[in-house]
Amino acid sequence: MNTSIKTLTDMHLSRRHWLLASAGVVASATAALLPKNAFAAAFPERPITFICPWPAGGTADQTMRALCAAAAKNLGQTLVVENRTGASGMLGLRAMASAKPDGYTIGQIPISVTRFSQLGSVQIDPLKDLTYIARTSGQTFGIAVQASAPWKTLKELVAYAKANPGKVNYGSAGIGGATHVGMEEFAMAAGAQFNHIPFKGGSDALQALLGGHIDVLADSSSWAPHVHSGKLRLLATWGEQRTTDFKEVPTLKDAGYNVVVDAPNGIGAPKGLEPAVAARLREAFKAAAASPEFAAACDKIDAPLMYLDGPDYEKYIAATYKKETLLIERLKLKELMAKG
C-alpha cells in the first residue's frame, strides 16, 4: 500500500475512534447529569399485569380492581388484573415474586405471607424477596350465619359450640389464612371448639353458607350485602372498632374476647425492581389510594383505608413477621397445618 494512502487511512480511523470515544464520554456525562427518575420516564410503555391472588368477585378482588383502574390513569397504561387463586393466596404471590423484575408484573401481597413463610408452606422470604410499593386498605372481617340459624348473638354461638364440641362447621378462605387463624384465635379465647372447612377463597365459602353447607362463615365483608338483605346475620366483626355500616354489631373485643384482626392489603413487585421504576409505581398507587374511586370501593365493603408508602409498608411487614412468630407458637399453627 502507498505510504501516503496508509497514513491517510490511519488518520481517518484514528479520528473516527476519537469521535466515537468522545461521543461515549459526552453520553456518560449527560447521563450523570440527568435526574435519577429520568430513566423511568418512559415507564410504562405497555400494559401492566396485576396478579390478584383471590377469586374474582371477592372483596379483595373488588378493591384491587378499583385501585388498578385509578392507578392506570396516573400511569397512562392499562393494568390487567389476573386472578391466580389457591393456597390461601400464596399461588398468586409466588407467580408475582418469580416474574421478571421490570415493573410489568406486580400484584397484591397477602399479609399472611409473614406467617406462611415461617410455616414452610411458601418458599418466599417476605423480608428479602419482594419490593414493597404501598399498603392500601384493611379488611373488615366478621362472623356470619344464616338468618334462620338458632344463634342470635355471638355468646349463643359460643355456648352451643361449648356444649357440642366440633359440631359447628365454619368456612374460611383457606388453611392458615387470616380468617382461619383469626377464627382459631377467637375459639381459643372463647374456650370453644369449631370444625374448620377450608375453601379456595372467601367467595366460595360465602356460597357454601348461603347454600346451607356450613353453619358459620369467617370472612372479610363478602357477607355485607347479604346481611343488609336479611339473608345472613352478622354476629361480630374483628376490628379494633365497630364498622360504619354495622354499628349495632359488636367487635370481638366488645363481646369480651381480646382478639383483633384487620389484615391490610398491599401492593408489591418482585425483588430487584429498578429504584426509578419502583418510585414511579409508588407515586401512581399513592394517588390511586387517595382516589374517590378507591374510597367508594372500600366504603362498599366497609374496608378501612390504611395507606402506607413502600418503605413504611416494608417496616410494617417486618414488625408483623415478628408478631406472627409468637402467634405460630401460641396457636400451635404448625400442628394445625399438619392436620390440614
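Helices (H or I, at least four residues) and strands (E, at least two) are DSSP runs, numbered from the N terminus. I noted that this is a predicted model, in which local features need pLDDT of at least 70 and side-chain atom pairs count only at pLDDT 80 or more, while totals for chains, interfaces and linings use all residues. Residues are numbered from 1 along each chain as its sequence is written, and side-chain values use heavy atoms, with hydrogens and water left out.

**Entry 1: helix 6 and helix 11**

I looked up helix 6 (residues 178–190) against helix 11 (residues 310–331); their axes come within 11 Å and cross at roughly 55 degrees. The two are therefore oblique to each other (under 35 degrees is roughly parallel, over 145 roughly antiparallel, 65 to 115 roughly perpendicular, and the rest oblique). For the contact (heavy atoms within 4.5 Å), I listed Val181, Glu184, Glu185 and Met188 of helix 6 with Leu327, Arg330 and Leu331 of helix 11. By class, I found four nonpolar, no polar and three charged residues in the contact of helix 6 with helix 11. Here Ala, Val, Leu, Ile, Met, Phe, Trp, Tyr, Cys and Pro count as nonpolar, Asp, Glu, Lys and Arg as charged, and the others, Gly among them, as polar.

**Entry 2: helix 2 and helix 9**

The axes of helix 2 (residues 59–75) and helix 9 (residues 275–289) come within 8 Å, and I noted a crossing at roughly 125 degrees. Helix 2 and helix 9 are therefore oblique as well. Helix 2 contributes Leu67, Ala70, Ala71, Asn74 and Leu75 to the contact, and among the residues of helix 9 are Arg280, Leu281 and Phe285. I found ten nonpolar, one polar and one charged residues in the contact of helix 2 with helix 9.

**Entry 3: helix 3**

In helix 3 (residues 90–97), I found Met90, Gly92, Leu93, Ala95 and Met96 buried (under 20% relative accessible area; exposed is over 50%, partly exposed in between, with a 1.4 Å probe and protein chains only). Their cover includes strand 1 (48–52), strand 3 (105–108), helix 4 (113–119), strand 4 (130–137) and strand 10 (265–270).

**Entry 4: cysteines**

How many disulfides does the structure hold? I found zero, a disulfide being a pair of cysteine sulfur atoms within 2.5 Å. The closest cysteine sulfur to that of Cys68 is in Cys52, 8.4 Å away, too far for a bond. Cys68 counts as buried, at 1% relative accessibility. Cys298 is buried, with a relative accessible area of 1%.

Definitions and conventions: Axes are lines fitted to C-alpha atoms, for helices over the stretch in contact, and angles run from 0 to 180 degrees between N-to-C directions.
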